[in-house]
Amino acid sequence: MRSNGTDATLSGSAAQGATAPRGTTEQLIATADQHSAHNYHPLPVVVASAEGAWMTDVEDRRYLDLLAGYSALNFGHGHPRLIATAKEQLDRLTLTSRAFHHDRFAEFCTQLAELCGMESVLPMNTGAEAVETAVKTARKWGYQVKGVPDGRAKIIVASGNFHGRTTTVISFSTDEDARANFGPYTPGFEIVPYGDLAALEAALDEHGEDVVAVMLEPIQGEAGVLIPPAEYLPGVRELTRARNVLFIADEIQSGLGRTGRTFACEHEGVVPDIYLLGKALGGGVVPVSAVVSSREIMSVYRPGEHGSTFGGNPLACAVALEVVAMLRSGEYQERARELGDHLHRELQLLTGTGKVEAVRVRGLWAGVDIAPSFGTGREISEKLMARGVLVKDTHGSTIRIAPPLVISKEDLDWGLDQLREVLAG
């Protein structure tokens, strides 16, 4: 297997841990199965350490990471700038709660708002918390600013969405695995087909002044990296602006460099009213999420109306500030564009094999639809794992490819070679 050839200015170089493995792969998986809830179905690999785009398991087998923690690891495993920042902050201060100010909070909010071209930041921890916060923000704005009668606020979302797994979020999911047997469901949401402007306009007409927001993923990740028609996001922006409705862009997975731009919305020249950020904002080190918007929209909040003990904590702010600084240089976005163009060309060639039905690529993010007659996405993922490459399936027949943005072209090509070998089998 090739070694990590990534440019040293972009790669991670965290020291490998010296702790001895606590068991074999089989033993550790069996123990996990015995003592943890079975709410995930991971590939049968137990990772012990990682660096850059490579991971090593408990038996010293190396794997090329082509998932990057669902884009939480845009900057790779153990990036030296992020690890150094985290270590420095760990020695100073980790948590105050929001009962007190701390010396990293103001700078974090200022710098993140500037990166987004916005004015105000409400920090949380997980992506789902950011979505829940956006729902509350939109409703409160609707009642206090737009004048929607109490209890009637509607938020329009898209089918195939993935915004998290809280009870409110799964109430507007169309994925029965995420939704079934978790009712009663939270009302106040209308679902329309993704990418369909006519359906969105009809829903806006039907619910009129009660609609407070349209919340969408600019690219639907969990659905298989679905990229809407080029006119869709501009059309959503035009419709929402004309109807005095907030446009909330969930960029938790698509944002912060993944698609070759800082935000996926930028590809269509669209600026939403609210950005939802997470995953890569914490650099793969700590969970950090944020709702970023105008001062006018965020001014609906008063002390005590929303919060989080860990939201905006000093450690999270320090790491996220370094992420913002790294993105400001533009080098990661450029790398995602260049390697993404290469990835697109190489994957497109696979559609002529009869074993790949379609590919969708935006930056270093791809969905590859495997022909059902050849195998499931899970089966292809397991075969790739056996060859030292880690990806993840979704919706039965699709595999997702989302390597760390620090991956070298040599390593990316090696990973694609393994995919070709699996498809040739």
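## Cavities and a helix pair

In this predicted model, the second largest cavity has a volume of about 40 Å³. Its lining is formed by Leu66, Leu384, Val389, Val391, Ile399, Ile401, Gly415, Leu416 and Leu419, and the elements that contribute two or more residues to this lining are strand 15 (398-401) and helix 14 (409-424). Helix 14 gives the most, with 3 residues.

A search of the whole structure finds 2 cavities of 30 Å³ or more. The largest cavity is lined by Pro218, Ile219, Ile227, Pro228, Pro229, Leu233, Ala264, Glu268 and Arg362. The table sets out volume and lining class for each cavity.

| Cavity | Volume | Lining residues by class |
|---|---|---|
| Largest cavity | about 40 Å³ | 7 nonpolar, no polar, 2 charged |
| Second largest cavity | about 40 Å³ | 8 nonpolar, 1 polar, no charged |

Helix 14 also packs with helix 13 (residues 377-386), the axes of the two coming within 10 Å and crossing at roughly 120 degrees. Helix 13 and helix 14 are therefore oblique to each other, and their crossing is right-handed. On the side of helix 13 the contact is made by Ile380, Lys383 and Leu384, and on the side of helix 14 by Gln418, Leu419 and Val422; by class, the residues of this contact are 4 nonpolar, 1 polar and 1 charged. Leu384 and Leu419, which take part in the helix contact, are also among the residues that line the second largest cavity.

Definitions and conventions
Residues are numbered from 1 along each chain as its sequence is written. This is a predicted model: local features need pLDDT of at least 70, side-chain atom pairs count only at pLDDT 80 or more; totals for chains, interfaces and linings use all residues. Side-chain values use heavy atoms; hydrogens and water are left out. On a 1 Å grid over the protein atoms alone, a cavity is a set of points where a 1.4 Å probe fits but cannot get out, and a pocket is an open set with protein on both sides within 12 Å along at least five of seven lines; lining residues have an atom within 4 Å of a point. Grid points are joined across faces, edges and corners, and a volume is the space filled by probe spheres set on the points. Ala, Val, Leu, Ile, Met, Phe, Trp, Tyr, Cys and Pro count as nonpolar, Asp, Glu, Lys and Arg as charged, and the others, Gly among them, as polar. Helices (H or I, at least four residues) and strands (E, at least two) are DSSP runs, numbered from the N terminus. Axes are lines fitted to C-alpha atoms, for helices over the stretch in contact, and angles run from 0 to 180 degrees between N-to-C directions. Angles under 35 degrees count as roughly parallel, over 145 as roughly antiparallel, 65 to 115 as roughly perpendicular and the rest as oblique. A crossing is left-handed if the near helix is turned anticlockwise from the far one by less than a right angle, and right-handed if clockwise. Contact means heavy atoms within 4.5 Å.
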